[in-house]
Amino acid sequence: ASFLDELASALPAPGGGSAAAYAGAMGAALVAMVSGLTIGRKKYAEVEAEMQAVRVMAEKLRAEMTQAVDDDAASFEAVIGAFKLPKETDDQQKARTAAIQIATLNAANIPLHSAERSVKIMELAIKCAEHGNLNAISDALSGFAMSRASLTAAAYNVRINVHSLPDKSAGDEYLKELAELEKKADNLEANIRKVMKERGGI
């Protein structure tokens with residue numbers, strides 16, 4: 001079955017975290033496409049080296065986001081497994097709570113990494129919109145939009161997992177890092193709107 005078929009199935013995983021990573025992978029793919037359409041063109045000779053670097057980074061991020069699609073689903077399965085552990089005795093209850101804490105922290109950590117990568121893809125998309133092949137500026141903007149959606153969806157998944165931790169304080173650093181990423185994304189959004197208007201005329 002295709003990823004979208006799996007996503008649409010009545011199973012809890014893959015879910016929103018995997019979809020977030022998939023959106024980011026699509027954003028990275030569009031960045032790779034635009035940089036690829038710029039490389040080797042006489043008109044863009046002065047940004048050749050920059051676009052080659054962008055392409056390499058975009059392909060690395062695309063591979064990492066593609067892996068995160070599966071990693072996120074697996075992390076959720078581990079949370080479900082922890083909740084199914086026996087809880088009849090005090091020792092079993094302690095072991096179960098500890099297992100839930102570890103599995104849930106991991107389930108928050110994976111979309112947090114997706115959020116970090118999303119912001120990196122957004123930065124690359126801006127470079128493509130600013131300096132890449134003008135005929136593909138809408139593709140660069142679309143790559144930005146996909147990675148912004150990826151960040152938004154990943155953030156929801158970080159927050160819900162931190163909220164469901166038995167010891168919520170363990171997730172404080174995650175939430176702090178996430179807030180910083182979101183602030184950075186807001187600034188990038190303002191930047192790309194400027195580029196869209198000035199270079200794209202839209």
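Guide: Arg193 pairs with Glu189 in a salt bridge whose closest N and O atoms are 3.3 Å apart; the term stands for a side-chain nitrogen of Lys or Arg within 4 Å of a carboxyl oxygen of Asp or Glu. This is a predicted model, in which local features need pLDDT of at least 70 and side-chain atom pairs count only at pLDDT 80 or more, while totals for chains, interfaces and linings use all residues. Residues are numbered from 1 along each chain as its sequence is written, and side-chain values use heavy atoms, with hydrogens and water left out.

Both Arg193 and Glu189 belong to helix H6, four residues apart, which is about one turn of the helix. Helices here are DSSP runs (H or I, at least four residues), numbered from the N terminus. Arg193 has a relative accessible area of 48% and is therefore partly exposed; buried means under 20%, exposed over 50%, and partly exposed in between (1.4 Å probe, protein chains only). Through salt bridges that share partners, Arg193 and Glu189 are joined with Arg148 and Asp186 into one network.

Asp186 is partly exposed, at a relative accessible area of 44%.

Another salt bridge joins the side chains of Arg159 and Glu182, at 2.8 Å, N to O. Here too distant parts of the chain are linked: Arg159 lies in helix H5 and Glu182 in helix H6, 23 residues apart. Arg159 counts as partly exposed because its relative accessible area is 34%. Glu182 is also partly exposed, with 21% relative accessibility. Side chains of opposite charge can pair when their charged atoms come close.

For context, the structure holds eight salt bridges. The chain has six helices and zero strands. Of its 202 residues, 41% count as buried. The mean positions of the 23 positive and 27 negative charges are 6 Å apart; Lys and Arg count as positive, Asp and Glu as negative, with His and the chain ends not counted. Each charge is placed at NZ of Lys, CZ of Arg, CG of Asp or CD of Glu.

How values were computed
Helices (H or I, at least four residues) and strands (E, at least two) are DSSP runs, numbered from the N terminus.
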